[in-house]
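Please open the model in your viewer and keep the sequence panel beside it.

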Amino acid sequence: MIVTALLLSACSSVNAGSASKQDLERAFAEDPAIESMDLRVANDLPWVGGVSGDIIAKEGLDEVDLRALIERLAKFSASHKGGSVSVGVISDGVQFPVSEKQSAREAYLAFGLSLRDDPRVGSVEFDFGRSLLMTAESPAALFELAAALPEMLGPLPTEVTDLELSSSDGAISLEGAPGPWLMYAERVWAGAARYGATGLQATPELVELRVQREQDVEDARFRGSSQLRVWWAARRCLGRG
């Protein structure tokens, strides 16, 4: 055991995560496609750890240069000796995971480009591949995108089991696994204008609607269902429909 530890210390850093971060920063310090790096270090155990985070691409990077940057990062990650390297590229607000497999990188690239070029989209981010976090420019845009997402997510190599969707004005927040509840939340919001609605939060189990006036609460509840909870501006809960 002592001999093994001495050999490891001779060829690698005891803080593998910190060393990996330094290696990544040195390798891409002069990369013309990179604006900055937002990196996190994990030094879990002696000689065990890694670096993760995002590489921020320069604004307006075209598809060819973006693809080339992703491939350079993938090659570095695959050949790096020591701690693990797990990063994504953020280009104009959209995150592109850098996967080990070429087919996975292509799928994420196609998905990300379709959203990056969509004026309705504010930002897109993956959380451990299983969650998708997205903001849209308006409530209407958010529901349009939510309806299209199941088909768009199909080709991705990892199943997205959780959505965290919000409008940039903060009015709408949707969180949960893709499903019919998204259509119910859209119907509630579509009919909410008559009640002076100011916001909606929804999960597969519950939809919460905020209205401006207390007198609008009863109407909204009457036209809703057991999944609907209505609030007025003072944030006092008036119960479920």
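The pLDDT is the predictor's confidence in each residue, from 0 to 100. For this protein its mean is 84, and 82% of the residues reach 70 or more. This is a predicted model, in which local features need pLDDT of at least 70 and side-chain atom pairs count only at pLDDT 80 or more, while totals for chains, interfaces and linings use all residues. Residues are numbered from 1 along each chain as its sequence is written, and side-chain values use heavy atoms, with hydrogens and water left out.

Begin with a cartoon of the protein, which shows seven helices and twelve strands (DSSP runs numbered from the N terminus: helices are H or I with at least four residues, strands are E with at least two). Of the 241 residues, 41% count as buried; buried means under 20% relative accessible area, exposed over 50%, and partly exposed in between, with a 1.4 Å probe and protein chains only.

Next, select residues 1–11, where pLDDT stays under 50 and the model has three contacts beyond four places in sequence (a contact means heavy atoms within 4.5 Å). Over residues 234–241 the pLDDT is likewise below 50, and this stretch has 24 contacts beyond near neighbours in sequence. Where pLDDT is low, the predicted coordinates should not be read in detail.

Select Ser-91, which belongs to strand S3 (residues 84–91). Is Ser-91 buried or exposed? Ser-91 counts as buried because its relative accessibility is 0%. Beyond four places in sequence, Ser-91 touches Ala-57, Leu-61, Leu-66, Phe-96 and Arg-116.

Move to Asp-92, in the loop between S3 and strand S4 (94–97). Asp-92 is partly exposed, with a relative accessible area of 38%. Its phi is positive, about 50°, although Asp-92 is not a glycine.

Select strand S5 (residues 121–127) and strand S6 (residues 131–136), which pair in the antiparallel sense over six bridges; strands pair if DSSP finds at least two bridges between them. Within this pair, Val-124 stands opposite Met-134 in S6. The chain passes from S6 through H5 to S7 in a right-handed β-α-β crossover: with the strands pointing away from the viewer, the path from the first strand over the helix to the second runs clockwise.

**The nonpolar core**

Now display the largest nonpolar core, of 64 residues, in which Leu-174 and Leu-200 have the most contacts. Such a core is a set of buried Ala, Val, Leu, Ile, Met, Phe, Trp, Tyr and Cys residues joined through side-chain atoms within 4.5 Å. Helix H5 (residues 139–153) gives the most to this core, with seven residues.

Centre the view on Leu-200, whose contacts beyond four places in sequence include Leu-174, Trp-189 and Leu-209. Leu-200 is also the bridge partner of Ile-172, and lies in S9. Strand S8 (residues 172–176) and strand S9 (residues 197–202) pair in the parallel sense over three bridges. Together with helix H6 (residues 181–190), S8 and S9 make a left-handed β-α-β unit.

Finally, follow S9 into strand S10 (residues 207–211), its antiparallel partner over five bridges. A hairpin of four residues joins S9 to S10, and Gln-201 stands opposite Glu-208 in S10.
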